[in-house]
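My notes follow in the order I took them.

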Amino acid sequence: MAGSGAAQARLDKIVRLIAAEMVAEVCSCYLMRAGEVLELFATVGLNPEAVHRTRLRVGEGIIGDIAAHARPLALANAQSHPNFAYRPETGEDPYQSLCGVPLIRSGRVRGVLAIQNTQRRNYSEDEIETLETIAMVVAELVTAGELVNPQEIASSSDVGLLPQRINGMGLNGGLVMGHAVLHQPRLTLREMVAEDPEEELARLRRAVASMHSAIDDLVEVGQATGSDEYADILESYRMFAQDRGWLARIGEAILQGLSAEAAVERAQNEMRLRLGQVADPYLRERQHDFDDLANRLLKHLAGKADPAVALPEDAILVARSLGPADLLDYGHGRLRGLVLEEGTAASHIAIVARALEIPLVTRCARALQLIEPLDPLILDGNNGQVFIRPAEDIVESFNHSIRLTTERRRLHREVRDLPSVTKDGEPVSIMINAGLQAELAHLESTGAEGVGLYRTEIPFMVRADYPDVSQQAELYRNILDQAGGRAVTFRTLDVGGDKTLPYFSGYEEENPALGWRAIRIGLDRPAMLRLQIRGMIRAASGRELRVMFPLVAEVREFDDARALMSMELERAKAEGIELPRDVKVGVMLEVPSLLWQIDVLLKSVDFVALGTNDLHQYFFAADRNNARIGHRYDVLAPPFLGALATLFDRCRAARVPVCVCGEMASRPVEAMALIALGARTLSVAPQAVGSIKALVRSLDASRVQAFLTPMLRSRDHSLRHKLRDFARDHGVSIDDVAVGT
């Protein structure tokens, strides 16, 4: 690697050295070309004329299989393997055994390195690991760009400096404009091998100690933000940094001859590939934490650990992924928005962005390829879009939206302290949905009457282990304290499906949305549910406690869950714990089967919370996360509205209050329809409170009810346009502000 000469000559020499040292008759190196094709670039033992002529698609043959799965393969009888592909031009007929490893750089397969023997040979684990270590060195040569032009395997589209638009997933709403700052923390490795392993281990120990000290400082800063969830995330991040298995793998790679930097790179690649194959979405998201830790450790090894970063005043950070501590490095107060190529709602950075109110769009494919440093960007977190180098008309449209938003906020401030009552005297309570303590500050700023839905699972998802009763009680007590006497309705753990806990072992399901989740887990694992209820009872001493159970599909499930609640109340009484002043127990209606048991259910519950998100997708059997059908059926379709009308009528007759908690309540046109159907309590996204209150105060409920009711039996696909026209004709405020909950 350190020698002079052309890259091809050095690669030829490397395969000869490998063959001699590993007692192999053949050593070959295949490199990735455009179109996911592996080309034979160097060999000793095979026909030299096959070099640059033999090609295999990724997945074709044993070599293609190694590349496709990014893992080593050792075969004593390679020709009997089902993926064996014969290439007569190579002359490989005599060779029986094969051991191949992928060439990996920055988490991508760059080629395959393989040895072969004429006799059947069982390659040892030490031999495979040695070949993997050599492969790291060869991968460095490959990615230098002398053998294969990096542009060849990059996207062939030349974006130039033309305006572009990326569609992604908005995980935190907001509309901002600024200039791009590219987060590219990776350092270029200069030395791949080291002569003195002991010195490299000493360097590693010093760098790890320095990194741990710096992370301790970050945790203190995170605690100072006032967000307990952010502090919990940073605490779990610190635990990842102290993971003995991760550090041990780095040490083992050093003992095999790699430099400390190369050893970190190897451990990072292994971790990325291993977690990338895990089905559990929470564990896959932890890949980003380890990526960030590896990059931090490389900086400490290089003596470049100073986190200070110069940012423009209107910075929008663009990254492949982002660790939870990165925002503190950049100073989140100067960041207007975040654009990520990877990330889901379960990722730590998504939770942190919500806590710090930073607009975020994820799943922005090729963002780092399309965006240049300091490019002007418009980030629309409400609709999951990023505009790159926007044209003048887009900028003007954006500025117009900003002006409208500013005017709306002014109007919303004016109605903040006014009663939420329709023009014909119908009171409509407006509450907020929350899942982070930081979001409770919106109660005061928006004038909302309480928390209609508190999602308890988010604090569980950011922890490394299951919180005990005292920890849960402290959390719920803090929430009730911050609510300042306003009502708070706690939803018990709604995990499973796409929301997994890192310390809870479930199983992969073909239809997770219809699988083992929410109250089904709570009833099958009653200890979990009882511990949570126990914490809530202790937290609510002398105060009202409101609890609801999610995804109840039949009345018996609610009865069983309420029985667990009664057992915990009796336990608390026996232990002399002060009980809540009042206990209200409800159900989150999101499974259509309950609509056919509604009269029986209403005899048992204190209240009903309507979860329109799941109810809508189950009602139409349409996965809302499926791009092909997610928007095929409208919540304002007559059959869905008709079902809701029946529900509101039955609840009103039974004098059981009902609160609408889904996204439907946060959108003005939909909220108008809900009020017409009889809804009198709406729990909305905090940023939607002003819009919904303005709607309520501009609406004549009886008039819109008279307009809507006859259309519930129509054959229309949706009543959206008719309701919009009604609102405009009658002066109803319907701010078109997209919000997510």
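**Entry 1: helix 22 and its end.** I began at Arg655, which sits just after helix 22 and takes a positive phi of about 55°. I am working with a predicted model. Then I stepped back into the helix itself. Helix 22 covers residues 638-654, 17 residues in total. From first C-alpha to last it reaches 24 Å, close to the 24 Å expected at 1.5 Å a residue. Next I asked which residues of helix 22 are buried. I listed Pro638, Phe640, Leu641, Ala643, Leu644, Ala645, Leu647, Phe648 and Cys651.

**Entry 2: helix 25.** I moved on to helix 25, residues 701-708. Its buried residues are Ala701, Val704 and Leu708. I looked down the helix axis: these buried residues fall within an arc of 70°, so they line one face of helix 25. What covers them? I found that the cover includes helix 22, helix 23 (668-677) and helix 26 (720-729). That brought me back to helix 22, part of this cover.

**Entry 3: strand 2 and its neighbours.** I took strand 2, residues 37-44, by itself. Is strand 2 enclosed or open? Seven of its eight residues are buried, so I put it down as largely enclosed by the rest of the structure. I then followed the pairing on each side. Strand 1 and strand 2 run antiparallel over seven bridges. Leu38 stands opposite Leu56 in strand 3. Glu39 stands opposite Arg55, also in strand 3.

**Entry 4: Ser259.** Where does Ser259 sit? I placed it in the loop between helix 7 (244-255) and helix 8 (260-276). Is Ser259 buried or exposed? I noted a relative accessibility of 2%; buried means under 20%, so Ser259 counts as buried. Its side chain reaches the backbone nitrogen of Ala262 at 3.2 Å. I also listed what Ser259 touches, leaving out residues up to four places away in sequence. The list is Glu191, Met192, Val193, Ala194, Glu200 and Ile254.

**Entry 5: the whole chain.** I finished with the totals. The protein chain has 26 helices and 22 strands. Buried residues make up 53% of its 741 residues. I also checked contacts between residues at least 6 apart in sequence. Of these, 68% join residues at least 24 apart.

Methods:
Residues are numbered from 1 along each chain as its sequence is written. This is a predicted model: local features need pLDDT of at least 70, side-chain atom pairs count only at pLDDT 80 or more; totals for chains, interfaces and linings use all residues. Side-chain values use heavy atoms; hydrogens and water are left out. Helices (H or I, at least four residues) and strands (E, at least two) are DSSP runs, numbered from the N terminus. Buried means under 20% relative accessible area, exposed over 50%, partly exposed in between (1.4 Å probe, protein chains only). A polar contact is a pair of N or O atoms within 3.5 Å; within protein, one must be able to donate a hydrogen and the other to accept it, and residues adjacent in sequence count only if both atoms are side-chain atoms. Contact means heavy atoms within 4.5 Å. The expected span of a helix is 1.5 Å times one less than its number of residues. Two strands pair if DSSP finds at least two bridges between them. The arc is that of the directions from the helix axis to the C-beta atoms.
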